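Student: Please take one part of this model and look at it closely, starting from a single side chain. After that, tell me how the other contacts are arranged.

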Amino acid sequence: MNNLESYPPVLRHLDQQQHPSPPPPPNADPDEEFPDPDPLPIIDLEWLDHEKLEEACENWGLFRLVNHGVPLTLLKEVQEVAKELFSLSFEAKKNACSDSPVTYFWGTPALTPSGTALTRSPQNMNWVEGFSVPLSQLSNFNPQLPTLESVRVVVMEYEKHLSRIGRRLFEAMAKKLELNMKSTKEYMAEKSGMIRVYRYPNYPDTNVGWGMDAHTDSSVMSILNQGDEVGGLQLLKHHQWINVKPIPDTLVVNLGDMMQAISNDRYKSVTHRVRINKHKERISVCYFVFPGEEVVIESSKYKPFTYNEFRAQVQEDLKALGHKVGLPRFQHSHNSQVSLL
């Protein structure tokens with residue numbers, strides 16, 4: 001099968017003459033360049049330095065994780081089964097996920113709690129397709145395709161490692177923040193965890209659109225396996241976009257909105273986006289940690305809210321405004337004129 005046919009139809013034949021590309025965004029480099037040396041904070045999970053971790057959370061909201069304990073063979077296997085899954089025909093992927101807890105989406109990463117994608121116009125579409133896997137339902141998932149069964153088996157093994165990493169990091173953060181350790185377990189509700197697998201097509205003109213628009217994650221934290229070949233992830237720091245280099249046997253951890261609220265804004269939910277590559281498609285796998293849906297997030301900076309309420313507000317803003325507003329909606333002194341960045 002032609003690789004092009006594996007993509008959703010809307011991602012196959014986008015033509016710049018039919019859909020003129022927007023003007024290049026500010027600070028966007030025409031070619032991907034990685035800073036040398038790599039400026040990202042490096043956190044060693046085996047020899048965890050709590051002071052260094054706190055500095056990374058306060059100043060960056062994102063860091064590179066080494067000595068994480070996930071076997072390199074498993075990191076590569078996750079990438080390989082993802083490639084195999086995405087190589088299936090569009091119809092096969094769509095049909096395999098009907099009446100299934102696993103959601104197949106394209107054109108936008110914004111999904112309702114039931115898994116329905118929030119539709120976007122072709123001009124505002126993201127160049128991405130993916131699968132959303134709710135971990136609480138993974139053991140009951142009965143896939144119809146052998147490839148999906150391979151994914152299920154590998155993801156179940158992968159999730160054991162990622163949940164261990166998430167717990168270790170959050171406990172260290174909670175200790176520095178002097179959080180109530182009883183609340184810690186509620187803030188890291190493993191049954192609310194999710195893994196998403198993304199594929200971003202390559203395109204000669206990288207200004208035709210974004211793999212994923214600038215945004216912050218709604219999670220407590222997100223742990224990314226971006227492979228070791230194709231970049232595209234960019235983070236915003238001091239009003240400049242920094243390319244995040246893919247480095248073998250490392251993971252990238254970024255904090256989300258829930259962590260910023262829990263920490264009273266001491267820790268930052270980092271703004272990031274994904275740029276498409278000229279020459280190669282990009283596959284990434286992200287593990288998201290969320291609080292329990294009805295757990296009340298209490299903070300001196302924000303009105304008390306549950307993750308359920310936060311998610312509902314994000315959905316409402318996406319439908320009404322076309323973008324996420326996020327935490328500013330819950331500030332005590334909320335100004336209705338808020339922006340994405």
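Tutor: Start with Glu293, which counts as partly exposed because its relative accessibility is 37%. Bear in mind throughout that this is a predicted model. The side chain of Glu293 meets that of Arg311 in a salt bridge, with 3.2 Å from N to O. Glu293 sits in the loop between strand E12 (282–289) and strand E13 (296–297), while Arg311 belongs to helix H7 (residues 307–321), so this pair ties together parts that are 18 residues apart in sequence.

The general idea behind such a pair is simple: side chains of opposite charge can pair when their charged atoms come close.

How many salt bridges does the structure hold? The count is 17. One of them joins the side chains of Lys93 and Glu129, again at 3.2 Å from N to O. Lys93 is in helix H3 (residues 90–96) and Glu129 is in strand E4 (residues 129–134), so the two tie together parts that are 36 residues apart in sequence. Both Lys93 and Glu129 are buried.

The side chains of Glu149 and Arg152 meet at 3.0 Å, N to O. Both residues lie in helix H4, three residues apart, which is about one turn of the helix.

On the H1 side, the residues in contact are His50, Glu51, Leu53, Glu54 and Cys57. On the H4 side they are Leu169, Ala172, Met173, Lys175 and Lys176. Sorted by type, the residues of this contact comprise five nonpolar, one polar and four charged.

Elsewhere, salt bridges that share partners join Glu51, Glu54, Glu58, Lys176 and Arg266 into one network. Among its members, Glu51, Glu54 and Lys176 also take part in the contact of H1 with H4.

Aromatic rings make a second kind of pair. With ring centres required to lie within 6.5 Å, the count comes to 14 aromatic pairs. Take Phe305 and Phe330: their ring centres are 4.7 Å apart and their planes are at 35°, so the pair is tilted. This pair links distant parts of the chain, since Phe305 is in strand E14 (residues 305–306) and Phe330 is in the segment after H7, 25 residues apart. Phe305 counts as buried because its relative accessibility is 1%. Phe330, at 11%, therefore counts as buried too. Ring pairs also link Phe86, Phe90, Tyr104, Trp106 and Phe131 into a cluster.

The segment after H7 contains Val325 as well. Val325 has 7% relative accessibility and so counts as buried. The C-alpha atoms of Val325 and Gln313 are 8.5 Å apart, and these residues are twelve positions from each other along the chain.

Technical notes: Residues numbered from 1 in each chain as written. Predicted model: local features only at pLDDT ≥ 70, side-chain atom pairs only at ≥ 80, totals over all residues. Heavy atoms only, no water. Contact = heavy atoms within 4.5 Å. Helix = DSSP H or I, 4+ residues; strand = E, 2+ residues; numbered from the N terminus. Nonpolar A, V, L, I, M, F, W, Y, C, P; charged D, E, K, R; others polar. Salt bridge = Lys/Arg side-chain N within 4 Å of Asp/Glu carboxyl O. Buried < 20%, exposed > 50% of the residue type's maximum accessible area, 1.4 Å probe, protein only. Phe/Tyr/Trp six-rings, centres within 6.5 Å; stacked < 30°, edge-to-face > 60°.
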